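Dear colleague,

I am handing over the structure we spoke about, and I would be grateful if you could look through it with the notes below at your side.

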Amino acid sequence: MTQHTRQSVAIMFTDLCGYSAWVQRDETRALEMLKRHWALLRPVFAGFEGREIKTIGDAFLIEFPSTLQAVRAGLAMQAALQDHNQTQEPAWHIRVRIGIHTGDVERLGEDVFGDGVNIASRIEHLAPPGGICITESVYAAVQNKIEEPFHSLGTQHLKNISQPVVVYCNRPDEGRKPARKPAPLAVAAAVLAGVVLLGAVMVQVWRNRAPEASDVTSPKVLAVLPFENLGGDENNAAFTAGIHDTLITRIAKIGGMTVISRTSVMAYEGARPNLKDVAKALGVTHVVEGSVQRSGEQVRIQAQLIDAATDTHLWAETFDRTLSQGFAMQSEIATAIARELSVRLTDQERAALSRAPTENAKAFEQYVLGHAALVSFALDKGLRHLEAAIELDPNFALAIAELSMAHTGHAGFRHFSSAEHVDAARKTYEHVLALWPDLPEGILARGVYHYFAVRDFPAAEPDLTAAVALLPNNHLAHEWLGHMRRRQGRWTEAAALLERAASIEPAEVNVLYSLNNVYTALRQRAPLERAVLRTRTANPDAAWPAMVDAFILLRFDGDLGGNVAALEADYVQHPEDDYVVHSLGRGYLSQGRFQDAATLYESYSGEILGIGGSRETMIGLAYLEAGDHANAARWLEMSLSRLNSEFSKPAIGNSAGFLRIYRALSLAGLGRKDDALSSVREMLAMFPRKSDEIIWAFNAYEAAALQAQLGDIPGAMDLVRQLLDPPTVYMPYQIWFHWNGASLRASPEFRELMARHGVDVTRDPRATTVPQQATAIQSE
């Protein structure tokens, strides 16, 4: 049961003068002015710790922790409106009356009742437009603390108030000098004074803001929290998720604010978080909450905009529409939010929001469900829903663009491409751009296809660059171009693009993965640590932040023992994560913990880096190093057979290089030295540095150690020099501690080169072994 409490507070009641007359004159503009008045006043009273209890028509009901703050807030609100009116035609001046009383109120939940509220609302009517009325108790508390004069209106008998009340009022124009035309020098002085005054006001507002908002860096950063499903069943839950995510996409078309993307806000699904915590975790200033209720073709969305720092509701509205009006409804919500935040839409943004990609109700439903599936990485399910949407509306260009992206993802993320998916990705982006040539999502789809499905960077360049400009709030546009800049070795540009993507989607681990490459190549530790902290805060269950922490220990500190210990801890939480197993197993091999490595790889159910035969290769090599030649031969023969079968598949990106590396390792382990060297050299010829900086560096890193093992020290040293100068994504200690680097470390030339790059070459990686850790992993 909700508790009733009594408390003594300062209550302010405001009323917008002349609003009814405005409505009679121009209803649309009247509504705009009402909302402008809200936008002008809310930041002011919030700066004095005012809590908005509610709006009642065109009136505010606000409480303050102290009487003095309430009066100062009222004076500041009137001053803000007077300044605003200087630039407006007189018929549309915004003027309010304000009443302030201090006394006991009855608190019920978030609302307040009682004489304290009633008196404030009654005395407000006694104030002139632009004026403030206060009761005697308020006057007694502030009379020696403010400069503004208040004059007694005597004893007033107020409606439904049993006792008479003494009221005081200020005179809005009192003390103001008549306007005169200023001299030119006076104009300059006034401008300078205005700048100084503005700075002082901003400093004061900054000091008065809630301390929890100190990490918010942008005045218009928005998080749309997961909507509540009011339908109850599982199907409606998927529909609600799709509505939520497609609404984020719709709002993101407005460039005047940053909109946090889906992954980062999903941590709050099913919860009622403290909004100040949300503001701190995601770096947002405002939050949108809402619900979705569906009955057949009818959809109701309730949405509300909240100031995250003060938990103040700025706007709320209910939208009842049909499925066929789904996109139009989302555009209405997006436009309303922009208006509340005083974000001016460009003509291009207005046009984009006004055009509905489909008005087919069933097609909209299938699109929403497909979108929800894709963002949850259910690629096959997403494909089916999108195909159904397009069958219902063959001209549904946005759905076709998303289908193209899904086919590209299906090809690129699976390491081995399907000719069917690559061909489908191409045909769908061609189709969408034939229907809607300037659709930004279609341009992005074409760029991503060329980058990710066929790795044609020159062809991807113009489209990905255009997509960043056309979709300023789309984290994927910035992320894809950032990924490509990384592969081009354009590290500084990549960092800027990926940091922008991270500001929109701080929980996205793929961004952290690429920033790990970028800041390693730039040799910048601090921004990489900040990126780790940001991702961990927004996505505490992800494996990548702990992995990057481990990489930092190895790369920047040369701490192999700390690196392995951090990876072990991450493995406990993520035993089926491919990259955790990939990194930890190599750490064990570097330390000489060969049985631990074999046990780890044998317990893993997947493949290393998604390459069939790679797991068997690593198990065989671990047994070989442990001296178990029979088991080693069995596993290496098995790996070679599986790897050879993979060559019949068209490989994507570095998969072709991975195949040859693991085949060479297997051949070397089986004593087939010449065949192993041939496989290494074939791989290096396939991927020159100019074609892809990331793929080349990975291949060179693995090939250098393998070539040294096979007796080709000059070839190995040539690759090591290229890895170190100019810098790549591999740092000196990574190369020194290479899991297969014993032959390299035995080379005097290599040791001399490593010493010149700051490596302590007296350090033996196998001396970092901690024997008792072996049983810890085996017991997991």
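Helices and strands are here taken as DSSP runs, a helix having at least four residues and a strand at least two, and they are numbered from the N terminus. Counted in this way, the secondary structure of the protein comes to 35 helices and 14 strands. Please keep in mind throughout that this is a predicted model.

Confidence and overall build

The mean pLDDT of the protein is 84, and 89% of its residues reach 70 or more. Where pLDDT is low, the predicted coordinates should not be read in detail. As for the chain as a whole, 54% of its 780 residues count as buried, and among contacts between residues at least 6 apart in sequence, 65% join residues at least 24 apart.

A histidine in strand 4

Strand 4 covers residues 96–108, and His101 is found in it. Is His101 buried or exposed? Its relative accessible area is 11%, and because buried means under 20%, His101 is buried. Leaving aside residues up to four places away in sequence, His101 touches Val9, Ala10 and Ile11, then Gly116, Ile119 and Ala120, and also Thr135, Ser137 and Val138.

Although Gly283 and Pro506 are 223 residues apart along the chain, their C-alpha atoms are separated by 9.3 Å.

A pair of helices

How do helix 24 and helix 25 run relative to each other? The axes of helix 24 (residues 578–591) and helix 25 (residues 594–603) come within 7 Å and cross at roughly 160°; since angles over 145 degrees count as roughly antiparallel, the two helices are therefore roughly antiparallel to each other. The crossing in which helix 24 passes helix 25 is left-handed. On the side of helix 24, the residues that meet the partner include Val581, Leu584, Tyr588 and Leu589, and on the side of helix 25 they include Phe594, Ala597, Leu600 and Tyr601.

Backbone details in loops

Two arginines have a positive phi. For Arg455, a residue other than glycine, phi is near 55°; this arginine lies in the loop between helix 16 (440–453) and helix 17 (457–470), and is partly exposed, with a relative accessible area of 22%. Arg523 has a positive phi of about 60° although it is not a glycine; the loop in which Arg523 is found lies between helix 20 (509–521) and helix 21 (525–538), and its relative accessible area of 26% makes Arg523 partly exposed.

Lastly, a cis peptide bond joins Asp725 and Pro726, with omega about 0°, and Pro726 is found in the loop between helix 31 (713–724) and helix 32 (732–736).

Methods: Residues numbered from 1 in each chain as written. Predicted model: local features only at pLDDT ≥ 70, side-chain atom pairs only at ≥ 80, totals over all residues. Heavy atoms only, no water. Buried < 20%, exposed > 50% of the residue type's maximum accessible area, 1.4 Å probe, protein only. Contact = heavy atoms within 4.5 Å. pLDDT = per-residue confidence, 0-100. Axes fitted to C-alpha atoms, helices over the stretch in contact; angles between N-to-C directions. Parallel < 35°, antiparallel > 145°, perpendicular 65-115°, else oblique. Left-handed = near helix turned anticlockwise from the far one by under 90°.
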